Amino acid sequence: MTTAPRRSWTRAVMGTQASLHLRGRRVDSDPGVEPAVAAVFGCLRCADELFSTYRPDSQVSAMRRGLLPRARRHPWVTEVVALCEEARDRTEGYFDAWLPGGFDPSGLVKGWAAEKAAAHLAGLCGFDHYLNVGGDITARVGVTAAPPWRVAVEDPVDRTAFLAILELRTGGVATSGTAARGPHIVDPHTGAHPGDLLAVTVTGPTLLWADVFATAAFARGGEDVEAWVATQAPGYEVATLARAP
C-alpha cells in the first residue's frame, strides 16, 4: 500500500500544543487546504478566548466571578454548559464542572473544541485528518484504502516510553492522568484527588465523550473501571490503564 502525501501544522493554543496532520494526494496543491487549516486553529483560539480559566477576560472567568448573565453568554458557552450538565448525569457525577473553585469545563471543552475545529475540514474531499490538542485526538480516515492513524499512548511513569500504540480510523482518543499537570482531577463525591490510577485512556466514536469518560474514570478509579466505562458509555472503552504502585 502506497502512503499518501502528508503535511502537518503545529500551533501553540489553549495552553498547549495543537498539531494537525492531513493526508491525501492533493495535500500540496488543493487551494482549500490552507483556508481550512487556518479555520481549524482559529476555532481553537476562539475556544481558548471563551473558556480559559487562566484568562481574566474569558467568559468562563466572568462566570466564575458571577459577572456573566445568561443573556450575555456566547452560544458556545451555552452549549458547553448544557454538555457539562449532560456529562454529570451520564457519569454518575464523577464528571462535574461545578466544583468549589467555580465552574471549570476544562475536562470537556478541549475535546469539544477539537471536534468543532476539525469540522472545518469536512469540505475537503479525499483527505484524512488527525488533530491532536494536548494529547486529545480526533481523527478521520476518509480515503478507504488508507491505513489507520497510529496513536502512541505515553507511559506516565517513564515519559520516554509508551503503554501502547493504538490504531485509529475515525473517532477520538483521550487520556486523563497526572503525568503532565500533576494531581489536578478531583473526585466530586469526596473532594479528594484520586490515588489509585496514574492514567486512563478512553477511545470511542467521538473525542468529546472519550474525553469526558477518561476524566470521569480517572476520578472514580476502582478495580472495575473498564467495565464501568463500557456500561456507562456503550461504544467507548478503556484502551490503556496505568495503576498507582
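## Salt bridges at partly exposed and exposed sites

E154 is partly exposed, with a relative accessible area of 34%. In this predicted model, the side chain of E154 meets that of R159 in a salt bridge, at 2.8 Å from N to O. R159 is likewise partly exposed, at a relative accessible area of 46%. Elsewhere, salt bridges that share partners join R7, D28 and E34 into one network. The structure holds 13 salt bridges.

A further salt bridge links the side chains of R150 and E167, at 3.7 Å from N to O. R150 belongs to strand 7 (residues 149–154) and E167 to strand 8 (residues 162–168), so this pair ties together parts that are 17 residues apart in sequence. R150 counts as exposed at 57% relative accessibility, and E167 is exposed with a relative accessible area of 57%.

E79 and K116 also form a salt bridge, their closest N and O atoms being 3.8 Å apart. Since E79 lies in helix 3 (residues 75–90) and K116 in helix 4 (residues 106–118), the contact ties together parts that are 37 residues apart in sequence. E79 is partly exposed, at 33% relative accessible area, and K116 is partly exposed, at 24%.

## The sheet and its helices

Seven strands make up an open sheet with antiparallel pairing, in the order 1-2-5-6-9-10-11. Its edges are strand 1 (6–13) and strand 11 (237–243), each of which pairs on one side only. On average, neighbouring strands of the sheet are turned by 10° against each other, direction ignored.

Strand 9 (residues 171–177) and strand 10 (residues 197–204) run antiparallel and are joined by six bridges. Helix 5 (residues 207–220) packs on the sheet and touches strand 6 (136–140), strand 9 and strand 10; its direction makes about 25° with that of strand 9. Helix 1 (residues 33–51) lies across strand 1, strand 2 (16–23) and strand 5 (128–133), running at about 25° to strand 1.

## Nonpolar cores

The largest nonpolar core has 66 residues, and those with the most contacts inside it are L44, F51, L108 and W112. Helix 5 supplies the largest share of this core, eleven residues. Beyond its neighbours within four places in sequence, W112 is in contact with A47, F51, W76, E79, V80, L83 and L208. A second, separate core of twelve residues includes I137, A146, W149 and L168.

## Cysteines

The structure holds zero disulfides. The sulfur of C84 is 16 Å from the closest cysteine sulfur, in C43, which is too far for a bond. C84 is buried, with a relative accessible area of 0%, whereas C125 is exposed, at 58%.

Key:
Residues numbered from 1 in each chain as written. Predicted model: local features only at pLDDT ≥ 70, side-chain atom pairs only at ≥ 80, totals over all residues. Heavy atoms only, no water. Pairing = 2+ DSSP bridges. Helix = DSSP H or I, 4+ residues; strand = E, 2+ residues; numbered from the N terminus. Axes fitted to C-alpha atoms, helices over the stretch in contact; angles between N-to-C directions. Contact = heavy atoms within 4.5 Å. Disulfide = S-S within 2.5 Å. Buried < 20%, exposed > 50% of the residue type's maximum accessible area, 1.4 Å probe, protein only. Core = buried A, V, L, I, M, F, W, Y, C linked by side-chain atoms within 4.5 Å. Salt bridge = Lys/Arg side-chain N within 4 Å of Asp/Glu carboxyl O.
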